[in-house]
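Dear colleague,

Please find below the structure that I am handing over to you.

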Amino acid sequence: MKKPIIALYPSYVASEGRQQVLMRYIRAVEMSGGAPFLLPLTTDADIIETMVDMCDGVIFTGGDDAHPRHYGACLHEGCGDLCPERDAGEMAFAKQFLKTKKPFLAICRGIQLINIMYGGTLYQDINLERGRGLVHRQQPPYTHGTHGVKLNKDGFIAKIVGSDELWVNSMHHQAVKQLGKGLVIEGYATDGVTEALIATDRPFGVAVQWHPECMVDTDEASLKFFKALIKAAK
Ligand SMILES: [Mn+2]
């Protein structure tokens, strides 16, 4: 039986000239009935168009911080590791992909990337720019949650998971600042940090700041994000 192709955007290790994706993303897609597919790092417009046509849905994965110039800011001292090569390839792909109505699930760097692509900005470091407090950068293992997320009651994401409260892991130090146009925030951490949003220009555009792919074995709600993506991709 043919399965929907779920393309994953890999990280790029520039020092070694190597793309890489954590197996847990691939496994989460497999567990949810999709066919995982790794995208090549390229800025070639024709290759990108071919890839966009081929995939039925996309997962924008975690990784390095996006360069702040992409949202009109200079580098803040709190900004983390950058990867200009990935920024260039992934943003070129995202720009083309977002012209379609195909579904996406964006995770960690992914929610930040999506906010940038829709014209929003980021906190380059939560502790330095918003103040210290809630732990958003937990120690491993990442299979257990460390903070709560309150979802919009009756929102799109609350319907996916069947609850308006989630307990999530947290491995980020950046977050949505000014929200991009066409996006709606659907979930906040208890300190007010944006943790979940949706894009209103397509049937399924979901972005989360945590890592559901780490919790698919132990947390039913986490698996539901991937199942919903693949259902939308069919
Ligand atoms: Mn968090």
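Two residues are in contact if their C-beta atoms, placed from the backbone, lie within 7 Å. In the protein chain, 70% of the contacts with a separation of 6 or more are between residues 24 or more positions apart.

This is a predicted model, in which local features need pLDDT of at least 70 and side-chain atom pairs count only at pLDDT 80 or more, while totals for chains, interfaces and linings use all residues. Residues are numbered from 1 along each chain as its sequence is written.

The protein chain has seven helices and 13 strands (DSSP runs numbered from the N terminus: helices are H or I of at least four residues, strands E of at least two). Of its 234 residues, 44% are buried (20 or more other C-beta atoms within 10 Å of a residue's own, with C-beta atoms placed from the backbone).

Nine strands form an open sheet with mixed pairing, in the order β4-β1-β5-β6-β13-β12-β11-β8-β9; two strands pair if DSSP finds at least two bridges between them. At the edges, β4 (35–38) and β9 (165–168) each pair on one side only. Strands β1 (residues 5–9) and β5 (residues 57–60) are parallel, with four bridges, and Leu8 has Ile59 in β5 as its bridge partner.

Helix α4 (residues 109–117) packs on this sheet, where it touches β5, β6, β11, β12 and β13.

In helix α7, the buried residues include Phe225, Phe226 and Leu229. The buried residues of α7 pack against β1, α1, β5, β6, α6 and β13.

Yours sincerely

Terms used
Axes are lines fitted to C-alpha atoms, for helices over the stretch in contact, and angles run from 0 to 180 degrees between N-to-C directions. A residue is buried if 20 or more other C-beta atoms lie within 10 Å of its own, exposed if 12 or fewer, and partly exposed in between; C-beta atoms are placed from the backbone.
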